[in-house]
Amino acid sequence: MIFIPVNKEMVIIEDLMKRIVMKEMAPGSKLPSENELVDTYQVPRMTVRNALTKLEERGYIYSKQGKGRYLKEKSIQIQLPLTGKTSFTEKMEKMNYDLRTENICCQKIIYDPKIYQILHADKNDAVYQIGRLRYINEEPIAIHYSFVSEAKFPKIKDDGPMIFSMFSYYRNHGIQQFASTKTLLSITFPTSKEQQLLSCKSMVPLIVVESDCIDAQTKKVLEHTKILYRSDRFKYDITVDS
């Protein structure tokens, strides 16, 4: 008979996760202290601490210095239309969300065959990445990256740091109607920079939405868009614009 040692760390994680899933703990409630968990499971303090650290990295709990650990508050539900007929700003304002946008970057990217092909850009053309950090109720919800060819918008290098809405920028250039190509959804984990921007831990999954914005009249591609959405504090009701 083979003896398989019990992984006490996983036992603690699974027990706490079961209590969270069964809603035995209310959102925002305080977790048992490390000392209480040490006594309950009869394990070293380091085992308890490692288990709690993993739950925190996954976005289920958070720490308050000197006060302990708490279950994350109830997620904010956001209705998220996927098509590109209207801007993210317009969609959120129309649904009365408290939205704030911060421009975080405007930088020339190195040659990327996929993005250059989408934008119909020559290999020698300059393509710029415009980044905006979105807040709902003053909590960071998403990072929006727009990839734009300098050949189509010659002043994008100078204008980029002041752009908060790409659609407003395009309208200033005489483009009034927009469409989008197929939307791709995937999951990733945040880099250290994205963790800092989105105020999340390394093991919190991010929802990735990629699409292309098109001038509805000329059918020319204006930009390639990549959006990273937090999944730990927000739930998304995904809809398609008619």
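This is a predicted model: local features need pLDDT of at least 70, side-chain atom pairs count only at pLDDT 80 or more; totals for chains, interfaces and linings use all residues.
Residues are numbered from 1 along each chain as its sequence is written, and side-chain values use heavy atoms, with hydrogens and water left out. Local features need pLDDT of at least 70 and side-chain atom pairs count only at pLDDT 80 or more, while totals for chains, interfaces and linings use all residues.

User: What radius of gyration does the chain have, against that of a compact globule of 242 residues?
Analyst: The radius is taken over C-alpha atoms, and the globule rule is 2.2 Å times the number of residues to the power 0.38. For 242 residues a compact globule would come near 18 Å. The C-alpha atoms fill a box of roughly 70 × 40 × 35 Å along the principal axes. The radius of gyration of the chain is 22 Å.

User: How many helices and strands does the chain have?
Analyst: Helices (H or I, at least four residues) and strands (E, at least two) are DSSP runs, numbered from the N terminus. The secondary structure comes to eight helices and eleven strands.

User: Which elements do the buried residues of α3 pack against?
Analyst: Helix α3 covers residues 45-57. Buried means under 20% relative accessible area, exposed over 50% and partly exposed in between (1.4 Å probe, protein chains only); Thr47, Val48, Ala51, Leu52, Leu55 and Glu56 are buried in α3. Contact means heavy atoms within 4.5 Å. The buried residues of α3 pack against α1 (8-21), α2 (34-41), β1 (61-64) and β2 (68-71).

User: Which side chain makes a polar contact with that of Glu56?
Analyst: Glu56 lies in helix α3 and has a relative accessible area of 15%, so it is buried. Leaving out residues up to four places away in sequence, Glu56 touches Ile61, Tyr62, Ser63, Arg69 and Lys201. A polar contact is a pair of N or O atoms within 3.5 Å; within protein, one must be able to donate a hydrogen and the other to accept it, and residues adjacent in sequence count only if both atoms are side-chain atoms. At 2.9 Å, the partner of the Glu56 side chain is that of Ser63.

Definitions and conventions:
The expected span of a helix is 1.5 Å times one less than its number of residues.
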